[in-house]
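Q: I would like to go through this model with you, one region at a time. Could we start with how burial is defined and then move on to particular residues?

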Amino acid sequence: MEAGEVNSDTVHPEVRAHINSLVSALGGFGDDGYKLGDDALECLRDLKRWIRFYDEKTNRMDVARCLAESNLVGNDLLHILATWTQNCADTKFRARIALACFEIIVPLTWVIEKDKDAMTVNHHRHMPVLQLAQLGYKRAIINFDGAPILNTAVRVALPSMAMPIGERTARDNGIIKLVLFFIRNMAVIVPPPDIKYEGDESQISRSATIDAFSYQDIFATLLMISSNMGEDFRNEDTVVMEIIFHLVKRVDSSKLFVTQKDLHKAKADELSAAMSKEAAMLRSHNKNAPTRHSRFGTMIWVKRDNGKMATVTGQDALMDAATRERKMDNSKVFRAPRKVKKEDQEFKDLGPPASLDERARQQLRSFVDEFLDSGFNPLFASVIHSIHRESPNCLHTHRFQFFYLVAWFLEAERMRRKSRQGQKPSPADDEVGSFNLVAEVLSQHMFIMLNRQLDRAYSDKDWPLLSAIMRCLTQILLTVQEMSESANEDDQDIADNILNRLFYEETTHDAIANVIRTYKDQGFEYLDASTELTYTFLRILEAYSKQNVDMQVRSRKRTRRKKKAAKAAGEQPDDGVEEDVDESADDEQNAEKTSQERKFDFTRFAARFVSQAAVDTFVTFTKFYRDLDDYQLKRAHRYFHRVAFKQDQSVVLFRLDVIHLFYNMIKGPEPLDKSSTVFKEWEELAKQIIKKCVRKLEERPVLFTELLFSKINSTAHYLEYGYEKQIITHPRPAAELEFKRVVERDEQIAIVVGVLLDKNHSDHLEWIKQQLAAAVSERRARENFEKALAIAAVPDGTVANEAGDEAASKPAPSTTIRPDTDARRTAMFKNPHLRLLMTRVGIERLAPTLDETPDSIWVFPGSLTSDALKESLDLINKAEFSPPVFEAGELAEDQLKRKSAPRKRATYDDDDDDGNEGIDGLIDDDGETLFPMGGPTARKSTAEDGARPKKRSRRRQGSQEPETVPDEELEARARARRQKQLEKVRRVKSDMYVHASDDDSDDENYKKRSREFLAAEALRQQIKDSTFGLSSRPNNADKSEWDMLLDVESGGDESSAGVGELGGSAKRKRDGRGGGSASSEEDEESSEDGAVASDGSEASSVPPSRLQKKRKLLAARKDVVEISDEEEDGDGVMGVTRASSRTVDAEMESNDGPMSSSAASLGQGGTTADLLGGDAQSEDEDEDEDEEDVPAPRVRARARVMAGFMVDSSDEE
């Protein structure tokens, strides 16, 4: 190569040479059509290995690029599939060839996703070419004339689908998923928005895809799988849902069930409306449009009031003063500060609205009709369970697709029901109601999951998912509303029950109010969904609250409010004297009080949606009035009407931008179309709001200033009523302090005195000392007086002294402490150090059960004697003159900390005083629960069963409030979720491979291994029978006889060789398993061995060699079913494999080693990760079979059971 030459090849030459040689060896065209090469099957499997081990493992796209440039799919694979006809002679071989072809087509048509964090230069080089190549693949597949390719794919999976679910191996499940992934890829592939497709888009459009699916019986296949989901199919729910999602997304379901005549009429109305809008736009433009005389530029100067000159260009500035001012206003550009550009919040997977031709519309309508009748409930019930248990097959995108499809099909069902209103119902419709067909998404499980996902999406700021959830909840509410209006009484009762459960939880109300109030820049899709949900929720809730005047709502509260109110009412705790009081007279009063506490007030609830944030959201939505339809304009109109007139909060609408918006909608340069059905309503609304604003300006001149700003609650209240809202505030006392370490009382007082001195609060110390001195003198005088009276009453001197001491020790009346100044009163309430010193010297509040206020009374309790008070005074004097000194330069304040309040769980207003929830009427006379939660069913222990260690939540030091999560942490969590989903996608993508060793055959190797296993099983059963099921030597048995009886090696035959071979295979599988350590697997199998062999009452240690043989026998038993056909092929991993780095490396190193797939082990509870080690070992590892094994640990013997009773070995004798 010369110095000036540059290698412009995008792929390594050796890779391209290998791929081209394999493609050329597949076959070619002859006189009789396409002919397969001699090693066509091996070439297909080699191409699969290149894709898997080169492109996917190294994260490159070189092999896919070479295959796209060689046009493998169009020139070879499709013609190979066409050779498998219905009456083909060698059907079995052709089926394998077809399966190998689809194993190559599926990864080539897999959707290419751009991951900015993982993309390299190689990705940017290959992605545009491969995306265009995928469009070519789809066009060739769905328009191929030689054979129905989609139907051929279903034929490949039909034998596996026909098997019962309990008899399917992992290979069968892998074939089914492979075919479903192929169908999914055909539905997903669309022209990318950023790449220009030069072909005919009508050949790959949504209509062409639906037509191909209908003609080649793909719709029938999807209906069959959906209707049997949960019975014959379990793990295919998300793939089928994804296929349906890409078929119906952005299809207007309201136009799907209308007649062709009504559809043409609707399209004509849309065309006339669009033409009218265009004419109105042209009229407004022609007012200022240039004429043929305006060829010359015009520039005029406008003299302003301040004497400055402004320049205006254009001849339209000569028309009138209003036009000149408008041009000057338009020339004013507000240059906002530059911000970091955020990613587009819209969900890009939806794409533009789908346009279907009449034939595709009828085909899709037929499919949707049959799906609603037979497949809706089974499919979505399975998906709900998958999302609830977070199945590995359920990705994050599947949640969005689930809620989107539920909303779409509920709307389609409502449209179908509406189109059948004039028709006579069939007998089948009478047996199964229309609402029963969608009952699975109206269940309590659905509402629980919907609320959980709504809260999670809102907290994670996942706006596309939150939009889909809001759409789903809106359609559920509309469907339930139609149920309540049905003529069937059962449907009415069910609808009333559903609405009662939906509206009972106040958390649902709060979530919807937060969604509409927190809109910022989430995109129009989120804006439309949130406003629609708010409008629908308010409308249905208002109607329901009017019908049910006694509607109850479960609201959160704190239990201590009730307790404090009871204590304030003067109730005293029991003194241990039980009184038999009949409380039945108060039952009616208590029930009425509880009912009033939980009674729903719609006016108070609707006030949450009148805040300035909610108004701003609807104002932002209304600014798109030129692009909104009549239903959306009606939604905004009803909201503003509710704010201005029903809630009487029109002040929040008195803002210049809002008034200007209403004016422009009616009389602006681009107003609403006067032929619109809502124009009159908007005109009247704008007129009334502007009129109220003018009146309010005359009444409150301060509103001229407030027109420029948003109104907070206090400002709105003042503008509305003319006075400020009176808010009663309850000040909180200072936080309670405590000592970091345990110290004596004198040290405690010394520390607090030191803190006050450090803070220059010596006046508080002097005041405390004065109060203590006064209390000491008062108590001592009283004690002396009581003692003198007692001595005078008793003549005997000795007895008199004892009586005097007893009288002096009696409790004295409490001594009230009165602050000398207002500052002292405030310090007693707000100074935590003064309050701590007061409590240390024995000062208490007079009424500790009531809420503390600045006017609370503090007293010296009567239990304190004069000596105790004198001791406290002396300690303060001592600490004042000799403050404490601490090590390491610490201050006295460092010895204190804020006392943490105990956290209690949130309770509800339907809980009882003890925190028990929902057990009214289930308590017997002894106070015990008649029907405890959980019942007799064994369950895991919960927090209510006993004290369990709780995790300490980390909080900022000195704060009792939870920390707010910063945006950086939220972004980190989002990245972690994306990485987790990416790993899931990689595992799912690797599930599509079905390997050659999974082919079911009856070759000699399979028969040989089967015979070896049967011989080994017979030997094991013979040993067990000869030992009577005992694992340890009986006491009366000779050791030599026992060893001779168990000596398998000395009495070995050819069967022992088979046992060793099978055991070695099992060991290689254990050593090569992915997803678990080999040692743990051996321990598990050793425990199983012990369970099989230990029929006695006590366990014994088994020699390692004998235990190893037993493990080998157990492994051979698990491998009773072998489906390996091509042992010379080295990638044999049966079923659906998970691509882990360890497995890929092992398989690349052992391409020629003997393999045994372990389908039976999967059928007996194994996982696909257990299959990765069967052929993933090198030859060096096979030589390690004879090495010494680690002795298994002693295992506990299984108890002997006879007739349901546990017996000892002596009982049997």
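This is a predicted model: local features need pLDDT of at least 70, side-chain atom pairs count only at pLDDT 80 or more; totals for chains, interfaces and linings use all residues.

Q: Let us turn to β3. Which residues does it cover, and which way do its side chains point?
A: Strand β3 spans residues 299-303.

Q: What is the relative accessibility of tryptophan 301?
A: The value for tryptophan 301 is 62%, and therefore it counts as exposed.

Q: Which residues form a nonpolar surface patch with Trp301?
A: Met299 and Met309 form the patch with Trp301, and together the three have about 400 Å² of accessible area.

Q: What does β3 pair with?
A: Its partner is strand β4 (residues 309-313); the two run antiparallel and are joined by five bridges. Within this pairing, isoleucine 300 stands opposite valine 312.

Q: What about the turn in that hairpin: how many residues lie between the strands, and what is the phi of glycine 307?
A: There are five residues between β3 and β4, and glycine 307 takes a positive phi near 90°.

Q: How many residues lie between β1 and β2 in their hairpin?
A: Two residues separate β1 and β2 in that hairpin. Strand β1 (residues 27-30) and strand β2 (residues 33-36) pair in the antiparallel sense over four bridges, and glycine 30 has glycine 33 as its bridge partner.

Q: Changing topic: in what order do the three strands of the open sheet come?
A: The order is β7-β9-β8, with antiparallel pairing. β7 (815-817) and β8 (844-845) stand at the edges with a single partner strand each, so one side of each has no neighbour in the sheet.

Q: How many bridges link β7 and β9?
A: Three bridges link β7 to strand β9 (residues 858-860). Threonine 816 stands opposite valine 859 in β9.

Q: Which residue does the side chain of threonine 815 contact?
A: Threonine 815, which is in strand β7, has a side-chain polar contact of 3.1 Å with arginine 779. Threonine 815 is buried because its relative accessible area is 11%.

Q: Where is glutamate 890, and what does its side chain contact?
A: Glutamate 890 is in the loop between α36 (866-881) and β10 (896-898). Its side chain makes a polar contact of 2.9 Å with the side chain of glutamine 895. At 40% relative accessibility, glutamate 890 counts as partly exposed.

Q: Last topic, backbone angles. What is the phi of glutamate 390, and where does that residue lie?
A: Its phi is near 55°, a positive value in a residue other than glycine. Glutamate 390 lies in the loop between α14 (358-388) and α15 (396-419), and with a relative accessible area of 44% it is partly exposed.

Q: And what is the phi of asparagine 760?
A: The phi of asparagine 760 is near 60°, again positive in a residue other than glycine. Asparagine 760 sits in the loop between α31 (745-758) and α32 (762-793), and it is exposed because its relative accessible area is 66%.

How values were computed
Residues are numbered from 1 along each chain as its sequence is written. Side-chain values use heavy atoms; hydrogens and water are left out. Patches are made of residues with over 30% relative accessible area and no salt bridge: like charges are joined within 9 Å, nonpolar side chains (Val, Leu, Ile, Met, Phe, Trp, Tyr) within 5 Å. Accessible areas come from the Shrake-Rupley method with a 1.4 Å probe; for residues, only the protein chains shown count as cover. A salt bridge is a side-chain nitrogen of Lys or Arg within 4 Å of a carboxyl oxygen of Asp or Glu. Buried means under 20% relative accessible area, exposed over 50%, partly exposed in between (1.4 Å probe, protein chains only). A polar contact is a pair of N or O atoms within 3.5 Å; within protein, one must be able to donate a hydrogen and the other to accept it, and residues adjacent in sequence count only if both atoms are side-chain atoms. Two strands pair if DSSP finds at least two bridges between them.
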